[in-house]
Amino acid sequence: MCRVLSSEHEDSMRLSRYFLPILKEAPKEAEIVSHRLMLRAGMMRQQAAGIYSWLPLGYKVLMKIEQIVREEQNRSGAIELMMPTIQSADLWRESGRYDAYGKEMLRITDRHEREMLFGPTNEEMITDIFRTYVRSYRDLPLNLYHIQWKFRDEVRPRFGVMRGREFLMKDAYSFDVDQAAAEKAYAKMFVAYLRTYKRLGLTAIPMRADTGPIGGNLSHEFIILASTGESAVFCDKELLDTPVPGEDVDFDADMKPIVESFTNKYAATEEMHDEAAFNALPEDRRVSARGIEVGHIFYFGTKYSEPMGAKVAMPDGTEKPVHMGSYGVGVSRLIGALIEANHDDAGIIWPESVAPFGAGIINLRPGDAAVDAACDKAYAELSKAGLDPLYDDTDARPGAKFASMDLIGLPWQIIVGPKGLADGVVELKYRRTGEKQLVSLDAAIARVTEKA
RNA sequence: CGGGGUAUGGCGCAGUCUGGUAGCGCACCUGCUUUGGGAGCAGGGGGUCGCAAGUUCGAAUCUUGCUGCCCCGACCA
């Protein structure tokens, strides 16, 4: 009894007590599938163009993605801190970007008529922190990151969270003594990104990106393939199966072979596409698809350290500006990308690593003693196993319950009704394939919890 | 920022051309019947028709101005 009660105070939830405002029809402004499904599944609500409230279901997914991103950043040796959303214009004047940035920057004036801004990124601020405290080459390398809300006043926000104005982003910044060291930091992040997307259930392909005036080849966009992607991409089919390093990867070792196992194969977005090089691939290895950018890493040398005076003392006593790189992951955008890559006509199909609840339990006849008891048992067992189940104990009709559960896309459903129970079985449904089987309650619980 | 749409209850929509007391489906509340893939019947609540001026005896409807939102393009995580 106490066990059941205490588990209820964790993440598991009875639908009758939850806040899950499901819509049968999607608001007309939502055009693409991820946007429609997020609104219908009650994950978010638009408050202004490109600005959203995160409702409980959406917020849970957002936090799960954020946590995976965080764990992989930490594993690679990056260190988390937190910078504010509001910044002073003065910092941006130092780098020259205050005037250069244009109208995408949301400029704010405070009560003392001081010029402020809602940060679209944090290179200036992190450089300021660095120059304040770090003076010696001995303190390098250093990689600091935070996961914070950003604002870019896009001319035309669209596609829901895929192209919002306010968005959650992980941005990391590396500091090194020279370009060779910075390249090592870059390679570490490259590998951390491969691992992050893998854990999210996505196949992200690193593609060379435009490095602008700095040149070199140290900029990659991480792209996932989805038919609704925003840009055309071209790559070698072998990249889809190139192995991603496991949890035991040693980040102190040389990352270059891993990076090269990806960068030695053709991959480019439309802007960087080289038709001749692509056509040199055997025909059956040419993948021409659409993609969604979910991360971007680049090395930019002394672009900020130089004008902002972020220098360290070198062994010979001279001072040199540090070499920097920055590494972004669009955390909120990833929700949209995940849905674009994982859905069917009935709704969302969450990868297990980010599903808002690990499994759904549907009670087809609340009030029926046997059905209630079976559901209570499933709920307690799944909760105990840390599966974080959502228990639909409402008195809605079966059809509505099935439709809602499919819509929100939990990996597993255990469906309990009086008819099946009379034969000693419940229905176990795997959302991704739609595969259903009639098994005993214990077997269903065992099957769902075996991976947890 | 150029071009095009659109704005009527929480969501989807009709009504606007031709001015005359705001309607439908879903959702919500009550009751009854139902209950294994988005139930049926009956009753009920909820909207100053985006905002502001104007025309008119009378404006959701006509005129003017403004604003929000959406789509296409250029731009970006």
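1. Basis. The model is predicted, so local features require pLDDT of at least 70 and side-chain atom pairs pLDDT 80 or more, whereas totals for chains, interfaces and linings use all residues. Residues are numbered from 1 along each chain as its sequence is written, chains are lettered from A and ligands numbered from 1 in the order written, and side-chain values use heavy atoms, without hydrogens and water.

2. Surface near RNA strand B. RNA strand B is surrounded by 41 residues (near: a heavy atom within 4 Å), and Lys103, Arg156, Gly164, Glu293 and Arg397 are the closest. By class there are 22 charged, twelve nonpolar and seven polar residues (nonpolar: Ala, Val, Leu, Ile, Met, Phe, Trp, Tyr, Cys and Pro; charged: Asp, Glu, Lys and Arg; polar: the others, Gly among them). Of the RNA atoms within 4 Å of the protein, sugar or phosphate accounts for 46% and bases for the rest.

3. Elements at the RNA. Helix H13 (398-408) gives the most to this surface, seven residues. Strands E2 (44-48), E14 (286-301) and E23 (426-430) and helix H14 (418-422) are also among the elements that supply at least two residues each (helices are DSSP runs of H or I, at least four residues, and strands of E, at least two, numbered from the N terminus).

4. Individual atom pairs. A side-chain N or O atom of arginine 156 is 2.6 Å from a phosphate oxygen of RNA strand B.

5. Helix H11. Ten of the eleven residues of H11 (residues 331-341) are buried, so the helix is largely enclosed by the rest of the structure (buried: under 20% relative accessible area, 1.4 Å probe, protein chains only). Arg333 and Glu340 are among the buried residues.

6. Largest pocket. The largest pocket holds about 1,200 Å³ of space (pocket: on a 1 Å grid over the protein atoms alone, an open set of points where a 1.4 Å probe fits, with protein on both sides within 12 Å along at least five of seven lines; lining residues have an atom within 4 Å of a point). Its lining has 41 residues, with Arg152, Met169, Glu293, His296 and Phe298 closest to the centre. E14 provides the largest share, seven residues.

7. Second largest pocket. This pocket holds about 430 Å³ and is lined by 19 residues. Helix H7 (179-199) gives the most, six residues.

Methods:
A polar contact is a pair of N or O atoms within 3.5 Å; within protein, one must be able to donate a hydrogen and the other to accept it, and residues adjacent in sequence count only if both atoms are side-chain atoms. Buried means under 20% relative accessible area, exposed over 50%, partly exposed in between (1.4 Å probe, protein chains only). Grid points are joined across faces, edges and corners, and a volume is the space filled by probe spheres set on the points.
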